[in-house]
Amino acid sequence: MGDGGLDVARVRGLFPALADGFVHTDGPAGTLLPESVARAVAHAMRLPVANRGGVFPASGRAEAIVSAARSAVADLVGGTPAGVIFGANMTTLTYRIARTLARTWRPGDEVVVSRLDHDANIRPWLQLAEETGVLVRWAEVDIETGDLPAWQYDQLLTERTRLVAVTAASNAIGTRPDVAAIAARAHAVGALVYVDAVHAAPHVYLDRRALGADFLALSAYKWCGPHVGAVVADPALLGQMWPDKVLPASDRVPERFETGTPPFELLAGVPAAVDHLAALSADGTGSRRERLQTSMAAVAAYEGELFGWLDDALRAMRHVQVLGSPEDRTPTLSFTVANLAPRQVTAELSRRGICAWDGDYYARELFDALGVNEAGGAVRLGLAHYNTAEEVGYVIDAVSALRLR
Ligand SMILES: Cc1ncc(COP(=O)(O)O)c(C=O)c1O
């Protein structure tokens, strides 16, 4: 049994995909799925599930699936089900929210984006700013540490700032900025805050209000769920927004943000994924939200310990350079290897049965700032709650052996 009641042997037994024998350190690009999620999706495909809005049972089943998925995501981040919007993925939803908000922007208004973010929380805002004559300001990363200092927002925010887009955790180097401090500054000038919690969600207990996120964006495939995205907001705020929609579709919130027919079978897997997270610690009691708090604390402690070992070991290797050393972080790091391109490194790791990502993983602005893109980016290792100490030791040995090639 690990910290806080997380029994990794039991947890691994929940993942049929682990039978492939690989070491999956590619979680930041999408985690594996537990059997419970696969079953929930398959179950919804075997039953009669019609579209919503009919009077017969198969239609009621579709309605129930959507409603259970909204409740699950609300529990995951401390929102209300009526404020949970589903969509194809985080990127699509972010474009949708950006386009809708931009209708109220005026030339000379301002938005603030960060160099730390995944491009999905940068480009939509930049493109809409360009279309509407809005000025873009950049929050910069400390290139030594990889931190995104909150104090710089004092200079970046003005009375004209309409929106601040910032990540809750970097998918490339794991940095967890002080989002609450940034949001408090943004709210003081009346700006809205759009937080990308895609990478943070599988590692930390999220609380939308405590973070000060007017919008919190998620992607279920990063936390053991199916490929659907979600944005969580206050229903009252959503009620003031009018996205593009077809005439017969519902004007209600949050439905008015959801174009067309949703993937009911995938949404059926969402509560199973949240239940999976909530049950990771054997010590959890109470409501699902309360059990999530216990479980995510156990996940953070477990992953943190393994990650500390991995990080220290890689930093001690003379042929390896780990990018940044953020103060507060998820168990995700990027590194380069002397005389080897990132793609050569991941190919060699793959030969040894290790799944690792190379490139910029869409953290394009960050890697341009760090100067690594010209050489093919970096190599990413990200831990999840199903990784073991034995696997971390194996990965350390494999990276160490790259020197000998
Ligand atoms: C931090 C972060 N934000 C946003 C995204 C985009 O998410 P999606 O694939 O759901 O569009 C990703 C995907 O890698 C990510 O890691």
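**Exercise 1. Determine the handedness of the crossing of helix 4 and helix 5, and describe the contact.**

Step 1. The crossing is right-handed; a crossing is right-handed if the near helix is turned clockwise from the far one by less than a right angle, and left-handed if anticlockwise. The model is predicted: local features need pLDDT of at least 70, side-chain atom pairs count only at pLDDT 80 or more, and totals for chains, interfaces and linings use all residues. Residues are numbered from 1 along each chain as its sequence is written, and side-chain values use heavy atoms, with hydrogens and water left out.

Step 2. The axes of helix 4 (residues 90-102) and helix 5 (residues 123-132) come within 9 Å and cross at roughly 25°. Axes are lines fitted to C-alpha atoms, for helices over the stretch in contact, and angles run from 0 to 180 degrees between N-to-C directions. Helices (H or I, at least four residues) and strands (E, at least two) are DSSP runs, numbered from the N terminus.

Step 3. Helix 4 and helix 5 are therefore roughly parallel to each other (angles under 35 degrees count as roughly parallel, over 145 as roughly antiparallel, 65 to 115 as roughly perpendicular and the rest as oblique).

Step 4. Ala, Val, Leu, Ile, Met, Phe, Trp, Tyr, Cys and Pro count as nonpolar, Asp, Glu, Lys and Arg as charged, and the others, Gly among them, as polar.

**Exercise 2. State the order of the seven strands in the open sheet, and identify its edges.**

Step 1. The order is 2-8-7-6-5-3-4, with mixed pairing; two strands pair if DSSP finds at least two bridges between them.

Step 2. Strand 2 (84-87) and strand 4 (135-139) each have a single partner strand, so one side of each is left without a neighbour in the sheet.

Step 3. Within the sheet, strand 6 (residues 192-196) and strand 7 (residues 215-219) run parallel and are joined by three bridges. Aspartate 196 has alanine 217 in strand 7 as its bridge partner.

Step 4. Helix 4 lies across strand 2, strand 5 (161-167), strand 6, strand 7 and strand 8, running at about 170° to strand 6.

**Exercise 3. Which residue forms a salt bridge with arginine 103?**

Step 1. The partner is aspartate 244, with the closest N and O atoms 2.5 Å apart. A salt bridge is a side-chain nitrogen of Lys or Arg within 4 Å of a carboxyl oxygen of Asp or Glu.

Step 2. Arginine 103 lies in the loop between helix 4 and strand 3 (110-114), and aspartate 244 in the loop between helix 9 (235-238) and helix 10 (264-267), so the pair ties together parts that are 141 residues apart in sequence.

Step 3. A search of the whole structure finds 25 salt bridges.

**Exercise 4. Describe how helix 12 packs against helix 15.**

Step 1. Helix 12 (residues 288-315) and helix 15 (residues 389-401) have axes 10 Å apart and pack at an angle of about 15°. They are therefore roughly parallel to each other, and helix 12 passes helix 15 in a right-handed crossing.

Step 2. The residues of the contact of helix 12 with helix 15 divide into 11 nonpolar, one polar and no charged.

Technical notes
Contact = heavy atoms within 4.5 Å.
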